Number of protein chains: 6
Amino acid sequence: MNFNRTLNRSFNQLRNFEIIRNFTNQAAGSVLVKAGNTYVLCNASIVENVPDFVRKQVHCGWVTAEYSMLPCATKIRSNRESVFGKQTGRSQEIQRFIGRSIRSMFDLKLLGARTIHFDCDVIQADGGTRCASITGSCVAAFDAVNYLLDNNFINKNPICNHIAAISIGKSGSELLLDMDYLEDCNCDVDMNVVMDSQGKFVEVQATGEKSLLSRNDINAMLDLAEEGISKLINIQKECFS
Amino acid sequence: MNFNRTLNRSFNQLRNFEIIRNFTNQAAGSVLVKAGNTYVLCNASIVENVPDFVRKQVHCGWVTAEYSMLPCATKIRSNRESVFGKQTGRSQEIQRFIGRSIRSMFDLKLLGARTIHFDCDVIQADGGTRCASITGSCVAAFDAVNYLLDNNFINKNPICNHIAAISIGKSGSELLLDMDYLEDCNCDVDMNVVMDSQGKFVEVQATGEKSLLSRNDINAMLDLAEEGISKLINIQKECFS
Amino acid sequence: MNFNRTLNRSFNQLRNFEIIRNFTNQAAGSVLVKAGNTYVLCNASIVENVPDFVRKQVHCGWVTAEYSMLPCATKIRSNRESVFGKQTGRSQEIQRFIGRSIRSMFDLKLLGARTIHFDCDVIQADGGTRCASITGSCVAAFDAVNYLLDNNFINKNPICNHIAAISIGKSGSELLLDMDYLEDCNCDVDMNVVMDSQGKFVEVQATGEKSLLSRNDINAMLDLAEEGISKLINIQKECFS
Amino acid sequence: MNFNRTLNRSFNQLRNFEIIRNFTNQAAGSVLVKAGNTYVLCNASIVENVPDFVRKQVHCGWVTAEYSMLPCATKIRSNRESVFGKQTGRSQEIQRFIGRSIRSMFDLKLLGARTIHFDCDVIQADGGTRCASITGSCVAAFDAVNYLLDNNFINKNPICNHIAAISIGKSGSELLLDMDYLEDCNCDVDMNVVMDSQGKFVEVQATGEKSLLSRNDINAMLDLAEEGISKLINIQKECFS
Amino acid sequence: MNFNRTLNRSFNQLRNFEIIRNFTNQAAGSVLVKAGNTYVLCNASIVENVPDFVRKQVHCGWVTAEYSMLPCATKIRSNRESVFGKQTGRSQEIQRFIGRSIRSMFDLKLLGARTIHFDCDVIQADGGTRCASITGSCVAAFDAVNYLLDNNFINKNPICNHIAAISIGKSGSELLLDMDYLEDCNCDVDMNVVMDSQGKFVEVQATGEKSLLSRNDINAMLDLAEEGISKLINIQKECFS
Amino acid sequence: MNFNRTLNRSFNQLRNFEIIRNFTNQAAGSVLVKAGNTYVLCNASIVENVPDFVRKQVHCGWVTAEYSMLPCATKIRSNRESVFGKQTGRSQEIQRFIGRSIRSMFDLKLLGARTIHFDCDVIQADGGTRCASITGSCVAAFDAVNYLLDNNFINKNPICNHIAAISIGKSGSELLLDMDYLEDCNCDVDMNVVMDSQGKFVEVQATGEKSLLSRNDINAMLDLAEEGISKLINIQKECFS
């Protein structure tokens, strides 16, 4: 093989992954997550209210996510979505992905009639922003829930499990875990996987735009995902100790 | 097992699937696809122009999709997106999914500096609208490309392969191929798969919002997808004979 | 005279006009209307609610319409209004015209505090879309009202009368009933007329952008409208027998 | 009869009608028109440019109109359209009506490749704002064209004729010329007529929302319109003398 | 010095300033203010309602302003904000400035739970539109409050004081009071001052985009502002006598 | 006096002020500025292009700013502007203020035909965000210009001077430098001052919404501003040593 990864990473090696809790002091959970040069601020804030479509289920809560890139997160400055007047389709697709993933962590009936908003703002982008958003938001979720427990808003923990997310690519015949931006541009097929700490899958999204995936590819990529995610969940757990 | 499917379908049985070509006379390809009670009009129209980001690649074309539900496609009338002032996040996520899938069919360099727009308008919705959109758009793509070939706009076919898409769900311990709306609401996990006629995967999207997926689930669902998609591609081929 | 109409129609001859009821199964009334190559899907759906400005009149209902062209309804693909972010002025003008016309059919006090939405989506456009929308929506209105009567939501029919609409043009010295798109482009003056089955006028809109209308023109065009609309109302009535 | 008009006007009597030219000093034509208590500022401004769809016709110009009500033009303050984020359907329908009417005055080929914008801003509304906008814009059009002639931008007058507009209503069995707001609210049927100084019709829009119109009604209303418009055109002509 | 002002005004001379009350008959206060060739229509209308954030303070009212320029207010026609789909940043900045200024006139607790809207629409622009808006709105405020007092909606006057506003510029070493548009374009620094009749300052906004301001400049400009505003407040008072 | 400032600051004492350069690695200048608990990320990015209105001045550049608060920057989560569909008036007013201030630092003719965008994103808000944005953007401006000089895009420094900004309030009879959020809510009058390192004023904005300002107030507040800004400029200079 002859694909050299940045910083000589091996194919199944995660980038440096760092989780900084309590990055800001306003939100109930505030986590700055760094996956290599990708930095995402994941804030969890609690609103004592639920959307209309949840309201008819008594005592049931809701979990939702919004995702945005700061204009200077990328080498070429992107337009500010608020100035343009709407979110891009990409942002909407990603925030729906994050929202579904984080929601799967929760027993919404134990959350009570409140909403936890997860705001994922990409400070610096170098590939894997949606996965970093999920891995960081999971930690912010624990902090927000601990706030609710400590203040007796709820008395039973509504979180079922840790989750984390990672990307896997295939470039030629070679698989790559946790791609940076350059690797992502050069790879043929691309998979994002969200798993919990029991090894169960929350989301699998595989895309073969330049080249298609065989069943063997899918299997090998899922193997690699399992390996990476189990490391990420360990990092999550360490940051609470 | 005790889940009774509508019309007593067996778990691996597709709904009645019908493809009507030349449904309208304006677009280069115009297909009405019926998957049970889901009706989608898939129109392929050709514009002699490409978006800015494609222009720097000489002679390269582009393929893109838009998706929308008519307000009365569902039992409860939904708001018209143009009156509301923007597309929903759901519509945007789906049209990006369709666009990536159809784009994978093409060698864009053989298409020349033109764009094929795929407009997928859901006339009636009963589950599986995104998959029906892809399966129908594939046929519309062939008709649009034949128009280009017949009129000597291009002289080499840019389409690499047939593709089709299908949903698979899991309700309790039971797998279900090609769910209708009611089955979709009641299932725990949900997968959409797009494959080509060689058995290669274009897109796999698995979501476990209510319950998570084991590795075995994924394997069983992919098996079922392969079976369904191969039938759909046969139906596509028949409609050209 | 030397203006040859498509398919050798005579000046006072309607295009082939077809009304397909129950085209979809979700709306209370669902009609596909075909006027030559113009196809419009007219769906009537019932919402148990009225707009604020109607609410102060106890037991009074409301009737409203929305109109849109699918992007591929025309030879040159038009922008999707939801992507552009708003309806065009043309769409708004037409849907207000349809709304006023259909509303005139109803005794709103007999409808009860509910709204009937008429969604007119143009599948294929070849001139006369607003008139076809009205003629088709009238049939959908009957089906929606029968649904309300059959289910005892109301016990007295709030519909006063059939209505239908037709366009009349003048090209040189020649009058033309029910113009297709090409005829419309080439005519000098243009009139849209909505009438009921008693020969009373609901709307008359005459426009002389390229050339003005004399009083005699108006009279001759109204004569022709009366003739065409009476035929259309017969076709409407037949589709219920 | 027993309908008493405000200020004891007879059924065929216009309100006090006043045309003030050169109301502002920036636009090429600037007219404040007062029809009773309806005040509309009609500004004609010249832009040395035409829209894309006109450009292919060499040397051809364009004429377009925009209409808006100031928020305090009505007793109940209306929302400012720019704050709401879009024009109402009513504004769009009216400005298209004004635009078509004023455009009919012009031989666009004599105008040269430039656009005249007519901005009709309603300062105070008491019924008949669209008709006053047209009658006032006609005078502004003459001033704008004189500016073009005086400065040798064009050397042949592109205006074919004066036009003016008036509303006619029917309340019970009684016809009413030039209705104010209260009369408009109480009338059953409503007609807006635009005519030129030769007695030719530019636009006729008759609406029978509360009650329908017989052929006799239409004839009687058109008679009344002819009478009123001929008076308005005299007032227009006087303001140039 | 060698800067010649239009019409040979001296550096500390106001333009002709005229206040026309009751310009329209719908709003509670309606003032057309003319500062030289700048014309602004300032309408005060009363709504028996307050925004949400005011509601929790019992019996407290609110005062707010909106500002807009008619498209033809300037030599080069500007886009209509409602057609463009949003207000410009400039309009928003100015209307917030006007709103804060007029609000400072009021004891909001004496106003009761109602809102006074000030709509400032620039009919013709020749510099100083925001200042003319404030000076005119002050008079409209008195008329609106007198309406409330005369009709016993309130029994104590909530207005504390007259206010007026003026611009001061510096071009080279020379100060200029009440600049017109041409002077404004040519000046280096620019100050807008709002004061009350007691000589207290409501708003001071000084901007040195082309050249910065010394502390002496600020002092000299404030001196000039005091002089001009005291004259404007006299003109305001005269129009009530 | 009896107003106790947080952390026992004296009335003329700045909060802890920290400037972190190179906070992200994508923008030409990237500064995280901390003023007490207010954190703003100020990114300067260079685009080789200028807006239309600058283009006619050959070789002239442009400087512009955008300002936004992350939804969780405040205790109560605010709506994301891109989801709402437009920037608030407050954001627009502030970004225009920042833009004018930073622009005053530059000789735009020396910048060449390029634009520097300053993106000020508030990570955490505790009062004084617009002032922190300016003080931080000044440092980012130096870094961006050094990038241009080091890479020979320009060969003469277009920056004229350091600038910094500070707020001053008055609560009762007491002046307060650099207010935090709580102090800002409780103060009667409020001033924002931008100055350069020569003691010249770039912007002065004083607002007396709850209580007005005397000439003496203005003088005392400007004195205090001079003192604070000179300290801030020292901190700016230190971060380059």
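This is a predicted model: local features need pLDDT of at least 70, side-chain atom pairs count only at pLDDT 80 or more; totals for chains, interfaces and linings use all residues.
Let me begin with the charges of chain A. There are 25 positive and 27 negative charges in this chain, and their mean positions are 4 Å apart.

Staying with chain A, let me turn to its overall build. Its secondary structure amounts to 7 helices and 9 strands. The C-alpha trace spans about 55 × 45 × 35 Å along the principal axes. How does the radius of gyration of chain A stand against that of a compact globule? For 241 residues, such a globule would have a radius of gyration near 18 Å, and chain A has 18 Å, so the two agree.

The surface and interior of chain A come next. Of its 241 residues, 61% count as buried. The chain exposes about 9500 Å², of which carbon and sulfur atoms supply 48%. As for contacts, consider those between residues at least 6 apart in sequence: 68% of them join residues at least 24 apart.

I now move to the arrangement of the chains. What rotation superposes chain B on chain C? A rotation of 180° does so, with 0.0 Å of shift along its axis and an RMSD of 0.0 Å. The two copies are therefore related as by a two-fold rotation axis. Both copies use the same surface, since 100% of the contact residues of chain B recur in chain C. Which residue of chain B comes closest to the rotation axis? That residue is Ser82(B), whose C-alpha lies at 1.9 Å from the axis.

Other pairs of chains make no contact. Chain B and chain E do not touch, and their nearest C-alpha atoms are 11 Å apart. Likewise, no contact joins chain C and chain F, whose closest C-alpha atoms lie 11 Å apart.

Finally, I would draw attention to one residue of chain D, Lys237(D). This lysine is found in helix H7, which covers residues 215-238 of chain D. Setting aside neighbours within four places in sequence, Lys237(D) is in contact with His162(D) and Ser197(D).

Note on methods:
Residues are numbered from 1 along each chain as its sequence is written. Chains are lettered from A and ligands numbered from 1 in the order in which they are written. Side-chain values use heavy atoms; hydrogens and water are left out. Helices (H or I, at least four residues) and strands (E, at least two) are DSSP runs, numbered from the N terminus. The radius of gyration is taken over C-alpha atoms; the globule rule is 2.2 Å times the number of residues to the power 0.38. Buried means under 20% relative accessible area, exposed over 50%, partly exposed in between (1.4 Å probe, protein chains only). Contact means heavy atoms within 4.5 Å. Accessible areas come from the Shrake-Rupley method with a 1.4 Å probe; for residues, only the protein chains shown count as cover. Lys and Arg count as positive and Asp and Glu as negative; His and the chain ends are not counted. The place of a charge is taken as NZ of Lys, CZ of Arg, CG of Asp or CD of Glu. Copies are superposed by least squares on the C-alpha atoms of residues with pLDDT of at least 70 in both.
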